Amino acid sequence: MDKHPVKLAPSILAADFARLGEQVAEAERAGADRIHVDVMDGHFVPNLSMGAPIVASLRQVTRLPLETHLMISDPDFFLEEFADAGSDSFLVHWEGNANLHRTLQRIKILGKRAGVVINPATPATALEEILQDVEQVLIMTVNPGFGHQHFIHTTLPKVRRVRQMIDEIGLSCDLEVDGGVDSETAPLAVAAGANVLVAGTSIFGEREGVAAAMGRLRAAIQLWDKQPQRV
Ligand code: DX5
Ligand code: ZN
């Protein structure tokens with residue numbers, strides 16, 4: 001845990017869009033490390049979400065890094081627009097991208113952080129030839145497209161394997177998980193080696209409010225950290 005302090009990335013997909021600025025400011029005050037923006041095109045995933053104007057509006061209300069998770073068929077077409085709007089990093093999927101290396105190069109040319117995402121059915125070995133070129137890996141712990149889904153526990157051995165791969169090469173790459181992260185599953189992901197947790201419903205969907213929800217997540221992670229034998 002000391003080696004990989006855990007960062008929280010609230011996903012605004014679960015926020016109240018009528019109060020988006022307010023909710024993001026609350027997350028920032030409560031110690032969020034970055035804001036996760038889920039972009040869906042109704043083609044790569046069977047759902048629509050948001051585009052660059054949301055990023056531009058968020059840029060006005062928060063100083064936190066805005067990480068943009070592109071669940072779209074042609075990420076290259078939209079990189080510049082999101083970069084201009086204020087995205088600080090891009091997470092692009094391994095699946096369906098015949099020229100992933102080129103996409104990552106384009107992100108770097110724009111001066112942004114580049115991350116690669118793998119879906120639950122994609123093996124860790126898919127990352128072997130690309131790991132050196134990214135600053136972040138995101139392992140989907142649900143199938144992408146919707147918030148409020150159940151964490152897929154069979155992805156945990158893959159998180160462990162990717163943590164080993166990152167450590168073996170000696171990279172400082174972030175290892176992030178996304179989907180179904182709550183106070184039950186967050187400690188499992190951290191124990192497997194994740195150091196960034198995306199959480200939508202368990203942060204923005206709680207009646208108790210954003211700050212209390214984030215406090216609960218952090219407490220769950222710390223509790224686990226004190227009991228490493230349970231890993
Ligand atoms: C799913 C998205 C996630 C989603 C997570 O396709 O990539 O970022 O917002 O939502 P929860 O935390 O509710 O599972
Ligand atoms: Zn996401």
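Predicted model: local features only at pLDDT ≥ 70, side-chain atom pairs only at ≥ 80, totals over all residues.
A polar contact is a pair of N or O atoms within 3.5 Å; within protein, one must be able to donate a hydrogen and the other to accept it, and residues adjacent in sequence count only if both atoms are side-chain atoms. Residues are numbered from 1 along each chain as its sequence is written, chains are lettered from A and ligands numbered from 1 in the order in which they are written, and side-chain values use heavy atoms, with hydrogens and water left out.

Start with the contacts. A backbone N or O atom of H148 sits 2.9 Å from an oxygen atom of ligand 1. The side chain of H69 brings an N or O atom to 3.2 Å from a ligand 1 oxygen. For a polar side-chain atom of H36, the distance to an oxygen of ligand 1 is 3.4 Å.

Now look at the shell. Ligand 1 is surrounded by 20 residues (a heavy atom within 4 Å). The closest are D38, G145, D178, G200 and T201. Strand β2 (35–40) gives the largest share, three residues. Strands are DSSP runs of E, at least two residues, and helices are runs of H or I, at least four, numbered from the N terminus.

Finally, turn to the salt bridges (a side-chain nitrogen of Lys or Arg within 4 Å of a carboxyl oxygen of Asp or Glu). The count is twelve. One of them joins D88 to R59, with the closest N and O atoms 2.8 Å apart. D88 lies in the loop between α3 (79–85) and β4 (89–93) and R59 in helix α2 (residues 52–61), so the pair ties together parts 29 residues apart in sequence.
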